Amino acid sequence: MAVVYTAFCTDIIHEGHLNIIRNAQRYGEVVLGALSDKALIRYNKFPTISQDERIRLYESLEGVSRVIVQDDYLYDAVIEQLRPDYVIHGDNWQSGPESVIRANVLDLLSRFGGELIEVPYTRSEEARKIDQQLREKLAMPEYRRRRLRQLLEISPTVKVIEAHDGLTGLIAEKTVVDHDNRLDQFDGMWVSSLCDSTERGKPDIELVDMSARLRTIDDIMEVTTKPIILDGDTGGLTEHFVYNVRTLERMGVSAVIIEDKTGLKKNSLFGTEVKQTQAPIDEFCAKIAAGKKVQLTDDFMIIARIESLILERGMEDALTRAFAFRDAGADGIMIHSRKKDPSEIYEFCDRFRAQDSKTPIVVVPTSFNGETEEELSAHGINIVIYANQLIRAAFPAMQETARGILKAHRALEVDEQLMPFKEIITLIDEL
């Protein structure tokens with residue numbers, strides 16, 4: 001019999017999937033590919049059941065001859081191994097970013113005369129409801145919280161971008177590009193103290209209290225599923241920090257980053273231009289240890305941010321603090337610098353990695369923004385945070401629009417630089 005191949009990336013079967021199998025049966029023996037956990041995560045389809053459970057689910061479907069594991073969302077390895085006569089898929093990948101996967105399949109099939117069969121995508125109310133239920137499940141705290149650790153296990157670089165409200169959360173969640181014939185997207189969101197304060201028109205001095213910060217997180221969580229890292233400033237008093245850890249963990253936040261400063265917090269952009277006091281090592285270690293002690297799961301991460309290079313205290317101080325904070329229980333180390341040249345960041349990472357190959361290293365390349373993620377990864381950096389680019393892009397655009405309206409005394413002249421609202425609301429899912 002002819003071999004017909006299709007790949008599934010779902011935890012829940014609905015009529016659309018069954019329709020694919022029924023159509024496939026008309027052409028021959030149906031081999032179903034189960035995307036592996038690694039492939040699903042890179043494809044932004046975080047699993048809610050295990051790979052083995054998905055395989056058993058697919059094996060139970062009537063009309064499926066056998067199930068194999070597909071380890072990449074691109075089809076190269078599986079088509080080379082299986083050499084199917086047909087690949088069958090819904091027609092929803094004919095446009096948009098997923099068209100790169102379709103082009104990959106067509107190229108592979110053309111090498112030995114295979115054929116692509118596309119069936120109309122199922123857009124029934126039942127299928128829509130099941131897809132919505134799956135998204136809601138992915139947004140639940142117990143699934144979202146563990147996602148950062150999952151990403152760190154399978155990805156050389158975790159890319160995180162700032163979000164400061166529901167709309168920027170949707171941009172972080174849904175922006176996908178075709179780059180070098182692969183899909184690329186952000187892995188998570190950074191809820192920044194600086195952006196949270198700026199968006200409210202207030203200075204970045206921990207003036208916006210944790211209750212307000214939690215409302216921002218809640219707004220983002222309501223419409224997204226990707227992991228969230230919170231900028232926790234100094235963490236505040238240890239007695240308060242432990243309660244905030246419990247709250248963040250319960251909400252489903254993946255990590256909090258706290259910096260080793262004390263007193264009135266000033267933004268690191270000021271460096272030594274304003275008086276900033278670094279916390280004693282033992283005091284900051286005690287705060288980390290207290291936070292780790294009250295956690296109820298192993299999923300949540302407390303990451304220690306070191307300000308030694310910002311405050312010009314030297315490399316030895318930075319490294320001493322890094323190892324002390326790690327030994328106190330920190331799940332990761334963030335090293336920061338104001339210099340455009342990344343050499344001191346690279347020196348820190350190389351020397352830290354010489355003694356510790358596992359603890360995640362986080363950087364925010366705002367000043368040394370010429371470095372690629374690949375170059376950062378080569379020095380052992382695991383998480384790259386684009387910490388304020390969205391709000392910095394929005395401000396000049398809004399300011400220029402306001403000036404244009406004032407000059408013309410009408411909105412016609414600025415209209416061509418505005419996105420139609422119809423296009424904006426396509427980001428927003430309806431229940």
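Buried means under 20% relative accessible area, exposed over 50%, and partly exposed in between (1.4 Å probe, protein chains only). The model is predicted, so local features need pLDDT of at least 70 and side-chain atom pairs count only at pLDDT 80 or more, while totals for chains, interfaces and linings use all residues. Residues are numbered from 1 along each chain as its sequence is written, and side-chain values use heavy atoms, with hydrogens and water left out.

Select Arg-326, which is partly exposed at 24% relative accessibility. Arg-326 forms a salt bridge with Asp-356, with the closest N and O atoms 3.1 Å apart; a salt bridge is a side-chain nitrogen of Lys or Arg within 4 Å of a carboxyl oxygen of Asp or Glu. The two residues are 30 apart and link distant parts of the chain, Arg-326 being in helix H14 and Asp-356 in the loop between helix H15 (343-355) and strand S16 (361-363). Helices (H or I, at least four residues) and strands (E, at least two) are DSSP runs, numbered from the N terminus. Asp-356 is buried, at 7%.

Next, select Arg-321 and Asp-260, whose side chains meet in a salt bridge (3.0 Å, N to O). Arg-321 is also in helix H14, and Asp-260 is in the loop between strand S11 (255-259) and strand S12 (261-262), 61 residues away. Asp-260 is buried at 0% relative accessibility, and Arg-321 is buried at 6%.

**Other salt bridges**

Move to Asp-187 and Arg-42, a salt bridge of 3.1 Å, N to O. Asp-187 lies in the loop between strands S8 (182-185) and S9 (188-191) and Arg-42 in helix H2 (residues 37-42), so the pair ties together parts 145 residues apart in sequence. Asp-187 is buried, with a relative accessible area of 5%.

Then select Glu-259, Lys-261, Arg-305 and Glu-307, which are linked in a network of salt bridges. The structure holds 25 salt bridges.

**Positive phi**

Select Arg-83, in the loop between helix H4 (76-82) and strand S4 (86-90). Phi of Arg-83 is near 45°, a positive value in a residue other than glycine. Arg-83 is partly exposed, at 45%.

Glu-312, in the loop between strand S14 (301-306) and helix H14 (315-327), has a positive phi of about 60° although it is not a glycine. At 58% relative accessibility, Glu-312 is exposed.
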